[in-house]
Amino acid sequence: MIGLIDCNNFYVSCERVFNPKLNGKPVVVLSNNDGCVIARSEEAKQLGIAMGVPLFKIKNIITQEHVHVLSSNFSLYGDLSHRIMRLLHKNCPHIEVYSIDEAFLNLSGIRDIESFCLNLHHLILQGVGIPTSIGVAPTKTLAKIANHIAKKSRQPIMILPENPDAHLCTFPVEDIWGVGRKLAPKLNSYQIKTALDLKKRDPRWMRKITSVIGERLVRELNGLSCLSIEE
């Protein structure tokens with residue numbers, strides 16, 4: 001089994017570690033030149049503030065809703081990221097650091113995966129102060145989907161069931177890891193609109209109309225791991 005641990009609203013969460021007064025309040029973090037929003041708290045998302053929106057376009061919302069606007073502090077975010085990854089390395093021997101706030105975990109051989117992941121969640125929350133979500137599944141692609149579901153349901157962990165079709169049938173194909181903006185319209189043109197639609201397609205046919213990437217996605221959605229943990 002593979003886990004994906006992802007820090008929730010990472011840049012905002014980092015700011016809250018050193019300024020607890022920001023907890024429960026709408027917060028946005030801006031790009032280097034303070035031009036665009038690159039991170040949002042859940043409260044800011046609920047106000048309709050979109051990722052990447054220029055600051056000048058949301059001045060009214062910021063004033064009316066008392067949104068806290070912060071300049072980015074990448075040295076702080078990098079330091080907290082290193083602390084989190086050290087904790088993960090210490091407690092999970094085989095991990096792949098995927099980004100500043102994400103890592104894949106090799107959970108092979110762990111008997112009680114739920115307890116193990118909950119322990120990781122609490123260790124990071126208590127040791128660093130950053131909330132996380134963990135998705136668990138047989139493949140990286142499914143683990144990404146499980147993580148997305150965990151975040152949406154505000155649960156620390158989501159382990160996809162052996163038959164995940166009930167979740168895949170409502171999961172938009174454009175939100176699948178590896179699909180992106182360019183591939184999604186092409187898949188939509190073939191009536192592939194959900195993860196379940198993609199899962200049901202012939203992988204060889206997918207290779208013909210897309211590439212090896214499409215074939216790999218189909219196999220991963222069917223529980224066949226094509227992407228190993230790269231330590």
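Is the crossing of α4 and α5 left-handed or right-handed? In this predicted model, that crossing is right-handed.

**The chain overall**
- You're looking at 11 helices and eight strands in the chain.
- Laid along the principal axes, the C-alpha atoms take up a box of roughly 50 × 40 × 30 Å.
- The radius of gyration comes out at 19 Å, and that agrees with a compact globule, because 231 residues packed that way would give a value near 17 Å.

**Burial, surface and contacts**
- Of the 231 residues in the chain, 45% are buried.
- Take the contacts between residues at least 6 apart in sequence: 55% of them join residues at least 24 apart.

**The α4/α5 pair**
- As a general point, a pair of packed helices is described by the angle between the axes and the distance between them.
- Helix α4 covers residues 74–91 and helix α5 covers residues 113–127; their axes come within 10 Å and cross at roughly 145°.
- On the α4 side, the residues that meet α5 are I84, L87, L88 and N91.
- Their partners over on α5 are F116, L120, L123 and I124.
- Sort the residues of this contact by type and you get seven nonpolar, one polar and no charged.

Methods: Residues are numbered from 1 along each chain as its sequence is written. This is a predicted model: local features need pLDDT of at least 70, side-chain atom pairs count only at pLDDT 80 or more; totals for chains, interfaces and linings use all residues. Side-chain values use heavy atoms; hydrogens and water are left out. Axes are lines fitted to C-alpha atoms, for helices over the stretch in contact, and angles run from 0 to 180 degrees between N-to-C directions. Helices (H or I, at least four residues) and strands (E, at least two) are DSSP runs, numbered from the N terminus. A crossing is left-handed if the near helix is turned anticlockwise from the far one by less than a right angle, and right-handed if clockwise. Contact means heavy atoms within 4.5 Å. Ala, Val, Leu, Ile, Met, Phe, Trp, Tyr, Cys and Pro count as nonpolar, Asp, Glu, Lys and Arg as charged, and the others, Gly among them, as polar. The radius of gyration is taken over C-alpha atoms; the globule rule is 2.2 Å times the number of residues to the power 0.38. Buried means under 20% relative accessible area, exposed over 50%, partly exposed in between (1.4 Å probe, protein chains only).
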